[in-house]
Structure formats: C-alpha cells, structure tokens
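The following exercises concern the overall architecture of one protein. Please examine the sequence and the structure, then work through each task in turn.

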Amino acid sequence: MQITILGGAGFLGARLAARLAQAGHLGDRAITGLTLFDLALPKAPQGAAFPIRCLAGDIADPTSVAAAIPQGTGLVVHLAAVVSAAAEADFDLGLRVNLHGTLAVLAACRALRTPPRVVFTSSVASFGGGQDVVLADDARQLPGNSYGAQKAMGELLLQDASRRGMLDAVSLRLPTVIVRPGRPNKAASSFVSSILREPLLGLQTSLPVPESFGVWICSPNRAIDWFLHAAAMDTGPLGIDRGINPPGLRVTAGQMLAALEAVGGPAARALVRAEPDAAIAAIVGGWPAEFAATRARRLGFSQQEDVETLLRAFIAEDLAATKAERGL
Ligand SMILES: NC(=O)c1ccc[n+]([C@@H]2O[C@H](COP(=O)([O-])OP(=O)(O)OC[C@H]3O[C@@H](n4cnc5c(N)ncnc54)[C@H](O)[C@@H]3O)[C@@H](O)[C@H]2O)c1
C-alpha cells in the first residue's frame with residue numbers, strides 16, 4: 001500500500017511516519033511506499049523497509065498536492081494546517097491553507113483511479129459548548145473561531161466526496177494533544193503542553209486559565225493509534241457520517257499540575273505560576289471539555305490513558321530530544 005502524509009514534517013506527521021517505518025504494514029497490508037509532504041522538506045524516518053519520498057510544497061497548490069498523491073496511493077493522511085491562534089490571527093492564511101488546501105487534497109484524490117482512504121484531522125475546536133457540557137456524538141458543530149470553522153468545512157467536503165465515491169474519508173476531531181515536544185507553538189491551547197513540558201525542562205511557565213479549567217486531551221501515541229485505526233477500519237458502518245469524536249480524556253489544569261507533581265516532584269510544580277490571559281481564555285474557554293465518544297468506542301477507537309502515564313511516556317520518549325533541540 002502506498003501512503004501519503006500531508007503535513008509530514010509536523011508534530012503528529014513525523015510521529016506517524018516513524019511508526020509506519022517501524023511497523024512496515026498497515027493492518028494486514030504491507031506498506032510499499034511513503035510520501036511525506038510539507039512546506040519545508042520533511043526528514044525521512046530511519047529503518048523503513050520501503051522507499052520514502054520527501055517533498056516540499058504548499059498544500060494550497062493543487063499541482064504540488066497532485067504530485068504528492070500519485071496513482072496507486074491507497075491512504076492519504078491530511079494533517080497540513082494552520083493551527084488555532086494563527087488561523088484566528090490571519091483569516092486569509094487560515095482560509096488558504098485549511099480550506100483551499102483541503103480542496104486541493106480532494107482534487108488530487110478524485111484524479112486517482114481507485115478512491116483512497118483519507119484520514120483528516122479535524123478538531124474539538126470545530127465545536128462550541130464551553131466548559132459545562134458533555135457533547136453527544138450527534139452534537140452540532142458551532143465553532144467559535146475561524147480554525148474550527150475551516151475544519152468543519154473540510155469535514156463536510158470530505159463527507160460529501162465520500163458519499164459520491166470520490167474518496168473514503170474518516171475525520172477525527174482530535175482533542176488537544178499533549179505533551180507536545182519542542183517549543184510552545186501558536187495554538188491557543190499551547191499552554192496545556194507548556195505547563196507540563198517546561199517544568200520538566202527546568203523552565204518557568206504560566207497558566208493563563210484557572211486551575212478548574214477543563215480540557216479534552218489525548219497523548220500523541222494515542223492520536224497515532226487512532227490514525228492507524230481510522231486508516232484500516234471498515235468504513236461501511238459509518239454511513240455518510242464520517243466525523244468521529246475519539247475517546248479522549250477530560251482533565252482540569254489542576255489535575256494536570258497534580259500529575260506533574262507526582263511525576264516530577266514539588267519543584268517542577270512550583271515552576272508553573274498563575275498568569276490569567278483573557279485572550280487565550282476566551283478562545284479555549286469556548287471549546288467543549290468533554291465528549292461522550294460512545295460511537296468511537298463502539299467503532300474500536302482505543303481509550304486515552306491517564307495523565308501520569310502520558311507524562312512518563314513523554315519523559316521516556318521525548319524529553320531528551322526536546323532538551324537537545326532547545327540547547328538545554
Ligand atoms: N496537536 C493538537 O493538539 C491538535 C489538536 C486538534 C487537531 N489537530 C490537527 O492535527 C493536525 C496535525 O497537528 P500537529 O500538531 O502535528 O500540527 P503541526 O503544526 O505540528 O503540523 C502541521 C504541519 O502542516 C504544515 N503546513 C502548514 N501550512 C502548510 C502549507 N501551506 N502547505 C504544506 N504544509 C503546511 C506545517 O508546516 C506543519 O508541519 C493539524 O491538522 C491540526 O489542526 C492537532
């Protein structure tokens with residue numbers, strides 16, 4: 001099976017590529033080739049038993065995207081995006097990358113003789129609802145930000161294209177993925193990783209929301225498990241409803257800090273100081289903090305583990321590389 005990862009140099013794209021290189025197969029199908037596509041040239045993971053093509057290009061450029069999705073591609077994982085705060089700050093950029101980029105993906109998939117599986121990463125930010133609701137599987141998407149609106153548009157486009165047999169999409173509305181290695185990024189939810197990562201690096205950081213603030217999270221490893229499940233699952237039972245709310249975990253900022261203290265000690269906890277930020281709180285406060293996720297569980301998507309477990313995985317897998325990247 002030939003696979004293309006769009007956004008293949010990003011946080012989750014690079015991780016998925018590494019996992020595929022290690023596994024060599026997807027479900028019971030051998031991987032015969034992998035294309036990684038991103039704005040900057042992605043780095044191929046080591047150890048793959050199949051050829052890897054790395055391409056630099058713009059997701060909003062249909063010619064570049066078509067080159068990344070050649071005839072014979074069986075799976076496209078579409079991760080390329082401008083993330084939340086950046087898409088809110090620059091409407092035109094968000095529209096170009098998040099909407100026109102997805103249109104270019106649709107055009108490239110339509111040109112294939114055999115419709116490919118497309119795994120698309122939507123987001124909890126495509127919903128409104130705020131802190132106090134548990135969103136049902138059939139809740140309406142009423143995004144309070146442009147990023148979420150663009151993700152919801154992408155979902156609708158891919159759902160309709162699936163109905164028409166142009167491709168076969170599964171859209172995962174990802175929770176906030178923690179712990180993100182490296183540096184803080186432009187996502188409004190960046191602090192959710194920062195309050196765990198920075199203290200483990202020995203650095204001070206701030207908490208812009210109250211400790212009672214709840215957030216729907218998952219670990220990077222669990223997100224990759226979900227991508228692989230979405231890539232290989234039977235989509236028949238989905239019907240025309242291609243959007244999935246995977247089984248993340250609701251945690252409060254206070255619970256995350258308690259897990260930080262349990263794993264990293266009181267000195268780590270002491271590096272996080274309260275510093276309310278009304279702009280951040282306004283964006284993330286509108287995102288739902290909990291989903292029922294009943295359909296996803298029924299469809300075989302695995303449950304998110306607890307915060308202490310994901311924190312220990314971050315320390316084992318990502319802390320040393322993050323220290324090296326940041327010269328610490
Ligand atoms: N990480 C999270 O917490 C989270 C939560 C919900 C949804 N998502 C979604 O999951 C996907 C992957 O997230 P991530 O955390 O790996 O993000 P990321 O920012 O690390 O990766 C996205 C990649 O898209 C690339 N990209 C941006 N503009 C592009 C363009 N014009 N052309 C080509 N590539 C372009 C970036 O260079 C980047 O490598 C994104 O679609 C994101 O919206 C992520």
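**Exercise 1.** State how many helices and strands there are in the protein.

Solution. The protein contains 13 helices and 16 strands. Both are DSSP runs numbered from the N terminus, with helices being H or I over at least four residues and strands being E over at least two. The model is a predicted one, in which local features need pLDDT of at least 70, side-chain atom pairs count only at pLDDT 80 or more, and totals for chains, interfaces and linings use all residues. Residues are numbered from 1 along each chain as its sequence is written.

**Exercise 2.** Compare the radius of gyration with that of a compact globule.

Solution. First, the rule, taken over C-alpha atoms, is 2.2 Å times the number of residues to the power 0.38. For 328 residues a compact globule would have a value near 20 Å, and the protein has 19 Å, which agrees. Next, the C-alpha trace spans about 60 × 45 × 40 Å along its principal axes.

**Exercise 3.** Describe the domains and where they touch.

Solution. An automatic or database domain assignment supplies the bounds: domain 1 covers 2–124 + 136–175 + 219–244, and domain 2 covers 190–216 + 249–325. Their centres, taken over C-alpha atoms, are separated by 25 Å. To the contact (C-beta atoms, placed from the backbone, within 7 Å), domain 1 gives 18 residues and domain 2 gives 17 residues. On the side of domain 1, α3 (84–89) and α7 (220–232) are the elements that give two or more residues.

Conventions:
Contact = placed C-beta atoms within 7 Å.
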